[in-house]
Amino acid sequence: YNGGVFAVQENTSSRTVTGVTITQTGTVDAATGIDNVKLYYDLDTSAPYDCSGRSYDGTQTQFGSTHTGGFSVPHGTVSFTGSVGISTTQSLCLYVVYGTTSSATDGQTVAFSINDPATDISASGAPTYTPLTPVAPTGATTLHNAELTQVHYHWRNDDGSETTATPVDPSEDTPALGFANGTIRRLRLEVNAAGSTTSAPVSYQLQYAQKVTTCSAASSWTN
């Protein structure tokens, strides 16, 4: 979710919104760095009906279909077709949700706009549109490279499946001491993928060393 919301308001009557076109205006190459673009919506039925203070939280309804391939050109458009009614007491609040690929790079920005409301918003009843200039939420999202970090570990006994094996200690991140010679133990690791871009394929290695004072003080590690 890129933050912000597009509000489609009706001033005189009731009609049905049937189409929305979104333009990507950030520095990221939208043709290669963005995929799975979706448009979600909910309805604002409280005055002043301007969708203020609203944000995407995963409970909204999808408008149209997912654009799995993203945008066709670096600063192109994607169009969504749906059917949602609006009136003078019910406005349409739109949220752009998308994925990033490994082609997106650190520091690039993602931003969306409705460049020409008169052509980018389709509705029944030949409405009059205002404004006739580009509309966009304030600001842009800055992408950060994927950061893979080991955050937890847990020693387990070799006495069951992945889900039924019993823990050596009930708490994770607890050192296991006093293994008898020949005893088999399992080590479960948790890796956190942070950042806003997709990580490239990674081959992990498990290394060990004799502890000196702390693990970080060990100087000779073996795969």
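Which residues does serine 122 touch, not counting residues up to four places away in sequence? The tour comes to the answer at its second stop. The model on screen is predicted.

**Stop 1: the whole chain**

Show the protein chain as a cartoon. Its secondary structure comes to two helices and twelve strands. Followed along the sequence, these elements come in the pattern β-β-α-β-β-β-β-β-β-α-β-β-β-β. The radius of gyration of the protein chain is 25 Å, while the globule rule gives 17 Å for 223 residues, so the chain is more spread out than a compact globule.

Turn the model to view it along its principal axes. The C-alpha atoms of the protein chain fill a box of roughly 80 × 35 × 30 Å along those axes.

Of the 223 residues in the chain, 29% are buried.

Colour the charged side chains next. There are 8 positive and 18 negative side chains in the protein chain. The centres of these two sets lie 11 Å apart.

Contacts can be sorted by how far apart the partners are in sequence. Among contacts in the protein chain with a separation of 6 or more, 74% are between residues 24 or more positions apart.

**Stop 2: serine 122**

Select serine 122, which has its place in strand β9, residues 121-123. Leaving out residues up to four places away in sequence, serine 122 touches Thr16, Val17, Thr18, Gly19 and Tyr129.

Is serine 122 buried, exposed or partly exposed? With a relative accessible area of 35%, serine 122 is partly exposed.

Alanine 111 and serine 122 are eleven residues apart along the chain, and their C-alpha atoms are separated by 22 Å.

**Stop 3: a sheet of four strands**

Select strands β1, β6, β3 and β4. In that order, β1-β6-β3-β4, the four strands form an open sheet with antiparallel pairing. The edge strands are β1 (6-8) and β4 (61-62), each of which pairs on one side only.

Two of the partner pairs can be picked out by residue. Leucine 43 has leucine 92 in β6 as its bridge partner, and aspartate 44 has serine 91 in β6.

Move to the pairing of β3 with β4. This pairing is also in the antiparallel sense, over two bridges. Here the bridge partner of tyrosine 40 is glutamine 62 in β4.

**Stop 4: glycine 3**

Select glycine 3, in the segment before β1. Glycine 3 is partly exposed, with a relative accessible area of 32%. Then select tyrosine 95. Glycine 3 and tyrosine 95 are 92 residues apart along the chain, yet their C-alpha atoms are separated by 7.8 Å.

**Stop 5**

Most residues other than glycine have a negative phi, and most peptide bonds are trans.

Zoom in on the bond from alanine 47 to proline 48. This peptide bond is cis, with omega near 10°. Proline 48 has its place in the loop between β3 and β4.

Go on to the bond from threonine 130 to proline 131. This peptide bond is cis too, with omega near 0°. Proline 131 lies in the loop between β9 and β10 (141-142).

**Stop 6: two residues with positive phi**

Stay in the loop between β9 and β10 and select alanine 126, which lies there. Alanine 126 is not a glycine, but its phi is positive, at about 50°. How accessible is alanine 126, and what does it count as? Its relative accessible area is 72%, and alanine 126 is exposed.

Finish at aspartate 173, in the loop between β11 (147-157) and β12 (185-194). Aspartate 173 has a positive phi of about 60°, although it is not a glycine. At 32% relative accessibility, aspartate 173 counts as partly exposed.

Conventions:
Residues numbered from 1 in each chain as written. Predicted model: local features only at pLDDT ≥ 70, side-chain atom pairs only at ≥ 80, totals over all residues. Heavy atoms only, no water. Rg over C-alpha atoms; globule rule 2.2 N^0.38 Å. Buried < 20%, exposed > 50% of the residue type's maximum accessible area, 1.4 Å probe, protein only. Contact = heavy atoms within 4.5 Å. Lys, Arg positive; Asp, Glu negative; His and termini not counted. Charge placed at Lys NZ, Arg CZ, Asp CG, Glu CD. Pairing = 2+ DSSP bridges.
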